[in-house]
Amino acid sequence: MRIAVLTGAGISAESGLRTFRDTEGLWEDHRVDDVATPEAFQRDPVLVHRFYNMRRADAARAQPNAAHRALAKLALRHDVTLITQNVDDLHERGGSPDVIHMHGSLLCALCAACGRRWPAPLTMRSLDLCPHCGKAQTRPDIVWFGETPYHMEEIWQSVEAAELFAAIGTSGQVYPAAGFAQHARRSGAKTVELNLSASAVSRDFDEHRIGPASQLVPQWVAELCV
Ligand code: APR
């Protein structure tokens, strides 16, 4: 079966990584406009690098949980397209073969001058020089607010082709990801939401499973792999 899966910060919460909008979420300590926009980076690259260096270190210490590992198992039995809003690499370390990082990745650095990418060092600094063009305009390869998410053509194709669409651990508050369920449903897919609480787009789902991802996802995958 063709399955499109969208994940958000909630799938990594039980691995110890903070979500954005829960209590104690990242957006409680940091204003988006200070750390997650191109203007913020122009204004204060040191602060922005500090924010992503902290998240990169947290992600390096974290381990994939049962939900990440279950999705890897699902891909062994079905034609799974895994789309994540997350910038950690827990899906990859949990065994998922192909992960679409629509909001970029903490493990990747980008040169704002020449557009080349390379593996990010654990700590990035605003004076780091691009290894390709030599300019000091290196940035985290993260899609900031106001920028266009990556791989959107491939994503829309997989959402339209899906027979089953699942959203896991996302609040459904950021588009275009929040619109995927409605689009999948209109294209004929069954839609299921696996989340700790109702999301802003729960109405777009045929089925809702409420609880922690590390319990919900292995159960859901087991039912699909009988
Ligand atoms: N299991 C399942 N769901 C969980 C768990 C858990 N253990 N813990 C939290 N959740 C749910 C919350 O109920 C919430 O609905 O995960 C969701 C997390 O929502 P957000 O913090 O808004 O994260 P996300 O939806 O991934 O944010 C989307 O917004 O800030 C931008 O670019 C950022 O990619 C991010 C995007």
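Residues are numbered from 1 along each chain as its sequence is written, and side-chain values use heavy atoms, with hydrogens and water left out. Because the model is predicted, local features need pLDDT of at least 70 and side-chain atom pairs count only at pLDDT 80 or more, whereas totals for chains, interfaces and linings use all residues.

The domain assignment, with bounds that come from an automatic or database source, divides the protein chain into domain 1 (1-17 + 64-103 + 150-226) and domain 2 (18-61 + 105-142). Taken over C-alpha atoms, the centres of domain 1 and domain 2 are separated by 25 Å. Contact, defined by heavy atoms within 4.5 Å, involves 14 residues of domain 1 and 15 residues of domain 2. The size of an interface is often given as the accessible area lost when the parts come together. Expressed as buried area (the accessible area, with a 1.4 Å probe, that two parts lose on being put together, summed over both), the interface between domain 1 and domain 2 amounts to about 1,100 Å², with 59% of it on carbon and sulfur atoms. On the side of domain 1, the residues that lose the most area to domain 2 are Leu 17, Val 87 and Tyr 150, which together account for 47% of what that side buries.

The structure holds 8 aromatic pairs, where rings of Phe, Tyr and Trp (its six-membered ring) pair if their centres lie within 6.5 Å, and planes under 30 degrees apart count as stacked, over 60 as edge-to-face and the rest as tilted. One of these is formed by Phe 41 and Trp 144, and the pair is tilted because the planes stand at 40°, with the ring centres 5.3 Å apart. This pair links distant parts of the chain, 103 residues apart, since Phe 41 belongs to helix H4 (residues 38-43) and Trp 144 to the loop between strand E6 (138-142) and helix H8 (152-161); helices (H or I, at least four residues) and strands (E, at least two) are DSSP runs, numbered from the N terminus. Both Phe 41 and Trp 144 are buried, where buried means under 20% relative accessible area, exposed over 50% and partly exposed in between (1.4 Å probe, protein chains only).

Trp 156 and Phe 180 form an edge-to-face pair, 5.1 Å centre to centre and with 80° between the planes. Trp 156 lies in helix H8 and Phe 180 in helix H9 (residues 180-186), so this pair ties together parts that are 24 residues apart in sequence. Trp 156 is partly exposed at 28%, whereas Phe 180 is buried at 0%. One aromatic cluster is made up of Phe 20, Trp 27, Phe 41, Phe 51, Tyr 52, Trp 144 and Phe 145. The charged end of Arg 139 sits over the ring of Trp 144, 3.8 Å from its centre, by the criterion that NZ of Lys or CZ of Arg is within 6 Å of the ring centre and within 35 degrees of the ring normal.

The structure holds 0 disulfides, a disulfide being a pair of cysteine sulfur atoms within 2.5 Å. For Cys 114, the closest cysteine sulfur is that of Cys 130, at 3.7 Å, which is too far for a bond. Cys 130 is buried, with a relative accessible area of 3%, while Cys 114 is partly exposed at 35%.

Lys 190, in strand E8 (residues 190-195), is partly exposed at 39% relative accessibility. Residues up to four places away in sequence aside, Lys 190 touches Glu 163, Leu 164, Phe 165, Asp 206 and Glu 207.
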